[in-house]
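Have the structure open and follow along.

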Amino acid sequence: MTLTELSSLISGTSRPQLAMSIIFAIADRHDAGDDMVEKEAVCDLITGGEEVKVSLRSNVTKTVAELPDVITARYQDKEGNFHDQRSGRLKAFYELKPKILTALGR
């Protein structure tokens, strides 16, 4: 994927600035060695450590859902197993698709 194609996908979301912030937050954590990043950590990175509002959590979830070609969402149960489908009270984790990491030079 090219950066122009990525830009087009970001522009096609309902919250392009948030989409870009999510992608960059996950990329930063990837650079630090974390392939999968918990939704709360993404929210903390976006806010710079300030209190995370419920609306941001909801908007992150919605924005990630608009980027299936960019971000993979996985859900962790209490035993630490990951699932592709959300059910019940599972923690959301996000990772960038390999083609996005390549486009970003990672």
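## Helix H3 and what covers it

Let's start with helix H3, residues 39–47, whose buried residues are Lys39, Ala41, Val42 and Cys43. Buried here means under 20% relative accessible area, with exposed set at over 50% and partly exposed in between (1.4 Å probe, protein chains only). Helices (H or I, at least four residues) and strands (E, at least two) are DSSP runs, numbered from the N terminus. The cover over those buried H3 residues includes helix H2 (16–31), strand S1 (37–38), helix H4 (54–65) and strand S4 (91–96). Just past the end of H3, Gly48 adopts a positive phi of about 70°.

A word on the ground rules: this is a predicted model, in which local features need pLDDT of at least 70 and side-chain atom pairs count only at pLDDT 80 or more, while totals for chains, interfaces and linings use all residues. Residues are numbered from 1 along each chain as its sequence is written, and side-chain values use heavy atoms, with hydrogens and water left out.

## H3 against H4

Two packed helices are described by the angle between their axes and the distance between the axes. For H3 and H4, the axes come within 10 Å and cross at roughly 110°. Axes are lines fitted to C-alpha atoms, for helices over the stretch in contact, and angles run from 0 to 180 degrees between N-to-C directions. That makes H3 and H4 roughly perpendicular to each other; angles under 35 degrees count as roughly parallel, over 145 as roughly antiparallel, 65 to 115 as roughly perpendicular and the rest as oblique.

On the H3 side, Lys39, Glu40, Cys43, Ile46 and Thr47 meet Leu56, Arg57, Val60 and Thr61 of H4, where contact means heavy atoms within 4.5 Å. Sorted by class, this contact has four nonpolar, two polar and three charged residues. The classes go like this: Ala, Val, Leu, Ile, Met, Phe, Trp, Tyr, Cys and Pro are nonpolar, Asp, Glu, Lys and Arg are charged, and the others, Gly among them, are polar.

## Residues around that contact

Val60 sits in helix H4 and is buried, with a relative accessible area of 0%. Not counting residues up to four places away in sequence, Val60 touches Leu18, Ile22, Lys39, Cys43, Ile46 and Tyr94. The C-alpha atoms of Val60 and Ala19 are separated by 7.9 Å, although the two are 41 residues apart along the chain.

Val52 belongs to the loop between H3 and H4. Is it buried or exposed? Val52 is buried, at a relative accessible area of 10%. Leaving out residues up to four places away in sequence, Val52 touches Cys43, Asp44, Thr47 and Arg57.

The axes of H1 and H2 come within 8 Å and cross at roughly 130°, so H1 and H2 are oblique to each other. Leu6, Ile10 and Ser11 of H1 meet Pro16, Ala19, Met20 and Ile23 of H2. This contact has six nonpolar, one polar and no charged residues. Between the two helices, the loop holds Thr13, which counts as buried at 7% relative accessibility.

## The nonpolar core

Which residues touch the most other members of the largest nonpolar core? Of its 28 residues, they are Ile23, Ile71 and Leu96. A nonpolar core is a set of buried Ala, Val, Leu, Ile, Met, Phe, Trp, Tyr and Cys residues joined through side-chain atoms within 4.5 Å. Helix H1 (3–11), H2, H3, H4, strand S2 (71–76), S4 and helix H5 (98–103) each supply at least two residues of this core, and H2 gives the most, with seven.

Leaving aside neighbours within four places in sequence, Leu96 is in contact with Ile23, Ile26, Ala27, Val70, Ile71, Leu101 and Leu104.
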